[in-house]
Each structure stands twice: as structure tokens, then as C-alpha cells.
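Me: I'm new to this one, so let's look at it together. Could you walk me through it in plain words?

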Amino acid sequence: MSESKEEEEPLRHYYVGIGSMMNPHSMKLRDLAPLQSWPCRCVGFIRQFWGKMGMAEICEQEGGEFHAVLHEMSDVDMKALDKMERGYIRKSLDCYLYDGTHIVGTGYQFDREKLQVNAARPPSERYVDVMVEGMQFHGCEKSAIEELRNTPNQTPRRQPSEYDVIQVPPEHIDRVFSWEEVEQSSGVGENKLRVVFNGKVMEFCCPDGVDGDKVAERYQRELVNAGKDVTHIGSKMMYDPLFPSRSSIDEMSSEHIAYAEDGYWRRTHVFPPVYFSCVGQVLPPRRSMLNDTPNKE
């Protein structure tokens with residue numbers, strides 16, 4: 001005799017986007033798809049910019065209030081987001097939609113024990129532009145948008161002449177990889193774990209003075225991209241309204257690629273330890289060039 005069971009309602013989460021996650025482009029580039037989104041007021045908390053990069057977090061404050069974007073998220077996407085936001089902890093906060101509806105949402109606050117710099121720092125100009133674009137898209141109050149737009153002491157964008165590039169060390173200057181060699185760099189067995197960023201081959205290394213368990217954990221996280229060109233993946237994590245969203249490196253302009261390389265270099269050096277070192281170049285610099293697919297400017 002069969003038993004009928006009612007289908008369980010899928011688990012949903014109400015997540016408060018306070019930084020780049022207010023922006024639909026940033027959400028899409030991280031493969032996150034909110035079920036619904038609304039502009040909202042968050043009370044009892046403020047949004048502040050904290051840590052080495054001046055990223056947004058919520059901070060409890062009596063009488064505090066700020067405007068943000070409330071997303072209804074699937075359980076799958078919320079778990080994926082938690083993995084991305086490893087340096088944060090989640091806290092509940094009261095949110096009010098513009099029609100007065102009260103919803104208890106969840107937002108991110110830095111885990112102070114994981115911070116290298118535990119202090120306030122102004123956001124970057126790029127970051128503010130991303131947040132403003134998201135608030136405009138979702139219809140947040142104009143006064144709240146202007147307040148955020150006018151955040152004081154923003155770190156200005158670097159000019160192209162100031163961009164850093166990944167340098168090939170002298171001992172590897174003549175080392176040229178084929179794409180077949182790169183794709184075999186799976187990190188499994190005797191194979192090295194390598195990735196490519198703008199034609200530079202980066203190999204996973206064990207930084208001095210880092211606990212073995214932490215190195216092993218990082219290694220496991222990096223395996224998903226082993227043997228791949230991560231230039232486009234890196235650009236997805238640092239969306240900038242100056243550059244339209246692209247689906248692959250072949251759709252990125254040369255300016256966008258240079259910008260992404262600068263961001264990759266700075267992120268890996270701002271947040272030591274450095275887990276990848278350059279061990280040479282791959283030719284041609286993009287996999288698609290084997291098929292004579294030109295880069296689109």
C-alpha cells in the first residue's frame with residue numbers, strides 16, 4: 001500500500017543585498033538568480049564600509065536605518081552565497097518594503113576574527129557606482145541613492161597607466177606552455193594545479209608560514225578552475241559599470257582585460273598569503289585563438 005506525501009514547500013530566504021549584491025549584473029555574474037527583489041528600509045542597523053578593501057557590512061545601531069534591496073532567494077543560491085561570503089557572518093534584521101510590509105531578512109556582517117584590518121575604510125569609486133546602479137535599478141528612494149553616491153573619501157579608480165600586470169619572473173621568462181599542457185594541469189595526482197590569467201600561467205604554491213590545513217582547504221577550492229583560463233571568471237567577481245557584462249574573455253575588450261588583470265594582481269597582494277605564482281606563458285594567449293577566433297574590441 002503506497003503512502004501519499006504532500007510536497008514540501010521549497011525553502012526560501014530573505015536576503016538583504018547591501019553592497020554589490022544590490023546590483024542585478026553582479027548577481028547574474030555570480031550565477032545567482034533572486035526569485036523576487038524589492039527596495040526596502042532596514043532599521044536598527046546601519047551600512048558601513050569596513051576592512052582592508054572598504055566593503056559593506058551591516059552594523060547594529062539603535063535608531064539606525066538605511067535603504068537596500070531585499071531578495072527572495074532559493075536555498076541553493078543562499079548556500080552558494082554563503083560560500084562566496086566566507087569572511088562574513090549572517091545576522092537577522094528588520095526590513096520594511098516601501099508599501100509598509102515587514103519582513104525579517106538576513107544580512108552579512110564581517111567576522112572580526114577573520115579580518116586582517118579591523119577598521120573603517122571608505123569604499124572605492126567603482127564599488128559605489130555598482131551599488132548606486134543597483135539601487136536605481138530596483139527603485140530605491142532617490143535621497144538614499146544620493147546619500148550613497150556622495151559617500152566621502154571614495155578611493156578613485158586607477159587610470160590605465162597605473163594598472164599592475166602579472167610579471168613573468170626571469171627564471172620562467174622562456175617557459176611557454178601549450179593549451180594541452182594547461183588543460184592537463186588538473187591538480188589531481190601528479191599534475192600541478194595551474195590556471196591562466198591573460199596568457200600568464202599561474203601555478204598553485206604553498207606560502208611560507210601558512211598552516212597546512214588552510215593550504216589544503218584553499219587547494220580544494222581552487223580545483224574547480226584547474227586547467228582553465230580564469231580571466232573572465234576574475235572579471236565577474238569585480239563587475240564595474242564602466243565595462244559591459246560579457247559572457248567570455250573573447251567578448252572582453254583589451255581595456256577590460258587589462259583592468260581585470262590589475263584587479264586580480266591587487267586582490268592577490270592585498271590579501272596575503274599569495275597562493276599562485278607565475279611560471280610562464282601560454283601560446284596563443286587565449287584558447288579560442290587556436291580556432292582563429294579574434295578578440296572583439
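This is a predicted model: local features need pLDDT of at least 70, side-chain atom pairs count only at pLDDT 80 or more; totals for chains, interfaces and linings use all residues.

Me: Is D240 buried or exposed?
Reply: D240 sits in the loop between α7 and α8 (254–270); helices (H or I, at least four residues) and strands (E, at least two) are DSSP runs, numbered from the N terminus. Its relative accessibility is 2%. Since the limit is under 20%, D240 counts as buried.

Me: Which side chain does the side chain of D240 make a polar contact with?
Reply: Leaving out residues up to four places away in sequence, D240 touches R126, V130, R157 and Y259, where contact means heavy atoms within 4.5 Å. A polar contact is a pair of N or O atoms within 3.5 Å; within protein, one must be able to donate a hydrogen and the other to accept it, and residues adjacent in sequence count only if both atoms are side-chain atoms. At 2.9 Å, the partner of the D240 side chain is the side chain of R157.

Me: Which helix gives the largest share of the lining of the largest cavity?
Reply: On a 1 Å grid over the protein atoms alone, a cavity is a set of points where a 1.4 Å probe fits but cannot get out, a pocket is an open set with protein on both sides within 12 Å along at least five of seven lines, and lining residues have an atom within 4 Å of a point. The structure has one cavity of 30 Å³ or more, and about 70 Å³ of space lies in the largest cavity; grid points are joined across faces, edges and corners, and a volume is the space filled by probe spheres set on the points. Its lining includes L29, H232, S235, K236 and D240. Three lining residues, the largest share, come from helix α7 (residues 231–237).

Me: How many residues in the lining of the second largest pocket are charged?
Reply: That pocket has a volume of about 230 Å³, and β2 (36–50), β3 (55–74) and α4 each supply at least two lining residues. Among the lining residues are R47, E65, H67 and E147. Ala, Val, Leu, Ile, Met, Phe, Trp, Tyr, Cys and Pro count as nonpolar, Asp, Glu, Lys and Arg as charged, and the others, Gly among them, as polar. The lining divides into five nonpolar, two polar and, for charged, three.

Me: Why is strand β5 largely enclosed by the rest of the structure?
Reply: Strand β4 (residues 88–97) and β5 pair in the antiparallel sense over nine bridges; two strands pair if DSSP finds at least two bridges between them. Within that pair, D94 stands opposite V104 in β5. Strand β5 (residues 102–110) is largely enclosed because, of its nine residues, the number buried is seven.

Me: Which residue in the hairpin of β4 and β5 takes a positive phi?
Reply: This hairpin has four residues between the strands. With phi near 95°, the residue is G100.

Me: Is N153 buried or exposed?
Reply: N153 belongs to the loop between α4 (142–149) and β6 (176–177). Its phi is near 60°, a positive value in a residue other than glycine. With a relative accessible area of 63%, N153 is exposed.

Me: Which are the edge strands of the open sheet of four strands?
Reply: The order in this sheet is β6-β9-β8-β7, with mixed pairing. An edge strand here pairs on one side only, and the two are β6 and β7.

Me: What is the bridge partner of V195 in β8?
Reply: β7 and β8 run antiparallel and are joined by four bridges. In β8, V195 has as its partner M202.

Me: Which residue does a cis peptide bond join to L283?
Reply: L283 lies in the segment after β9 and, at 52% relative accessibility, counts as exposed. Omega of the cis bond is about -10°, and the residue joined to L283 is P284.

Terms used
Residues are numbered from 1 along each chain as its sequence is written. Side-chain values use heavy atoms; hydrogens and water are left out. Buried means under 20% relative accessible area, exposed over 50%, partly exposed in between (1.4 Å probe, protein chains only).
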